[in-house]
Structure formats: structure tokens, C-alpha cells
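Here is a short report on one protein model.

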Amino acid sequence: MTTQVTTQPTTPATTAGPVRYVWAAARIAIGWVFLWAFLDKLFGWGLATPAAKAWTNGASPTAGFLKGTADHTLGGLFTTLAGQPWVDWLFMTGLAAIGTALILGIGMRIAATTAGLLLLMMWAAELPLTTNPFMDEHIVYAIVLIGLALTGAGTTLGLGTQWAATPLVRRFPILK
């Protein structure tokens, strides 16, 4: 007599139990990093951005960082972008949208992709790195963002499940 073994599908360990709360905490934390960068550059609350350099006071949110890359490998490219209104608007809109999406757990695929691209551009602007041959926090954040998107981290402590059920997202799953 042969015994038939039936296996039950299991939830991957990366999205089950307490691990999903770790991914949710990482999602919210990185979302706050982006949203805070937007708010501080917008209002100049004096932590990273002094009030005189706030966007609301007419300063460019991209000029300081990008002009500081002049002596770097790709400095010529990035310094030409510094302070241009379209770059400022794109950068600030990106920070606000990415931060909000990550905190709420919606649009995780697009938020993680655009955040990863923004981080890779910031990493490239600083090449060569002074403290490590190639690795810095921009790359680490980009890797974590990939994990957030792949594990569906928006469904725990977020609105990802409700977002995925909307007719728009059901029609265009890329918006998950």
C-alpha cells in the first residue's frame, strides 16, 4: 500500500507572521524619510534645510545638493540640472508622492520603482564615494524598497488590500 502525502501551500516566511510587521515598519520608516525630506525642503524647518533655503521662500530644493556634485564623476550632468524649476517640481512631487504612498501602503510597485530610481540618481551624483568603493545608504534603501514591493508590504498596517480592490487597480495591476 502506498501512502499519498498531500502538502498544503504555505505562505512564504517573508510575508507571514511577525515578519510582515517588520516589512511594514520598514515601509513606514522609509516613507517618512521621503515625506520628511519633502516637508523640510518645502518649509525649511531648520533640521536639514534652514528657513532661508526653503522652497516656500523661493530657494531651490535641488540646487544645494546638485551644485555640490561639480567635482564628482557625473558632476557636469547633475550641476546643469541644479535649480531648474522643472527639476525642482519633479523632485518635490516625487518626494511627496513616494513618501505618502509608502506610508499609506498604496501604489507600492510604482513608489518602490520611482524611489529606487531617485536613490540611484542621488548615488550616481556622489560618485566616487568617499567612504566606500560603491555601497552607501542610497543603494541599501533601494534594495529594501525592492523587498517592500516584492513582499506586498503595503497590506500590513497599510491600505494596500483596499487599494488593490479598487476598480482602477484591478484594471491596471501595475498600480498595486
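## Helix H1

In H1, the buried residues are Ala24, Arg27, Ile30, Gly31, Phe34, Leu35, Phe38, Leu39, Asp40 and Leu42. The model is a predicted one. An α-helix has 3.6 residues a turn, so residues three or four places apart point the same way. The buried residues of H1 pack against H4, H5 and H6.

H1 covers residues 19–43. Its 25 residues should span 36 Å at 1.5 Å a residue, and its end C-alpha atoms are 36 Å apart, so the two values agree. Gly44 follows H1, with a positive phi near 60°.

## Helix H5

Buried in H5 are Met108, Ala111, Ala112, Ala115, Gly116, Leu118, Leu119, Ala124 and Ala125. The cover over these buried residues includes H1, H2, H3, H4 and H6.

## Nonpolar cores

In soluble globular proteins, nonpolar side chains tend to be buried together. Here the largest nonpolar core holds 24 residues. Phe34, Phe38, Met92, Leu95, Leu102 and Leu145 have the most contacts inside it. H1, H4, H5 and H6 each give two or more residues to this core. H4 supplies the largest share, seven residues.

What does Phe34 touch, leaving aside residues up to four places away in sequence? Its contacts are Leu95, Ile98, Gly99, Leu102, Ala115, Leu118 and Leu119. A second, separate core has eight residues, among them Phe78, Ala124, Ala125 and Leu129. Ala124 and Ala125 are also on the list of buried H5 residues.

## The largest pocket

Rolling a probe the size of a water molecule over the atoms shows where empty space is left. The largest pocket holds about 550 Å³ of space. Its lining has 24 residues, and Val87, Leu90, Phe91, Leu118 and Met121 lie nearest its centre. Helices H2 (63–67), H3 (75–81), H4 (85–104) and H5 each give two or more residues to the lining.

How does the lining divide into nonpolar, polar and charged residues? It has 20 nonpolar residues, four polar and no charged.

## Loop residues

Thr49 sits in the loop between H1 and H2. Is Thr49 buried or exposed? Its relative accessibility is 7%, under the 20% cut-off, so Thr49 counts as buried. Beyond residues up to four places away in sequence, Thr49 touches Asp40, Lys41, Gly44 and Ala54. Of these, Asp40 is a buried residue of H1, and Gly44 follows that helix.

Ala82 lies in the loop between H3 and H4. At 13% relative accessibility, Ala82 also counts as buried because the cut-off is 20%. Not counting residues up to four places away in sequence, Ala82 touches Thr62, Ala63, Leu66 and Lys67. Pro61 is 21 residues from Ala82 in sequence, yet their C-alpha atoms are 8.8 Å apart.

The C-alpha atoms of Leu127 and Gly75 are separated by 8.7 Å, with the two residues 52 apart along the chain.

Note on methods:
Residues numbered from 1 in each chain as written. Predicted model: local features only at pLDDT ≥ 70, side-chain atom pairs only at ≥ 80, totals over all residues. Heavy atoms only, no water. 1 Å grid on protein atoms, 1.4 Å probe; cavity = no way out; pocket = protein on both sides within 12 Å on 5 of 7 lines; lining within 4 Å. Points joined across faces, edges and corners; volume = space filled by probe spheres on them. Helix = DSSP H or I, 4+ residues; strand = E, 2+ residues; numbered from the N terminus. Nonpolar A, V, L, I, M, F, W, Y, C, P; charged D, E, K, R; others polar. Buried < 20%, exposed > 50% of the residue type's maximum accessible area, 1.4 Å probe, protein only. Contact = heavy atoms within 4.5 Å. Core = buried A, V, L, I, M, F, W, Y, C linked by side-chain atoms within 4.5 Å. Expected span 1.5 Å × (residues − 1).
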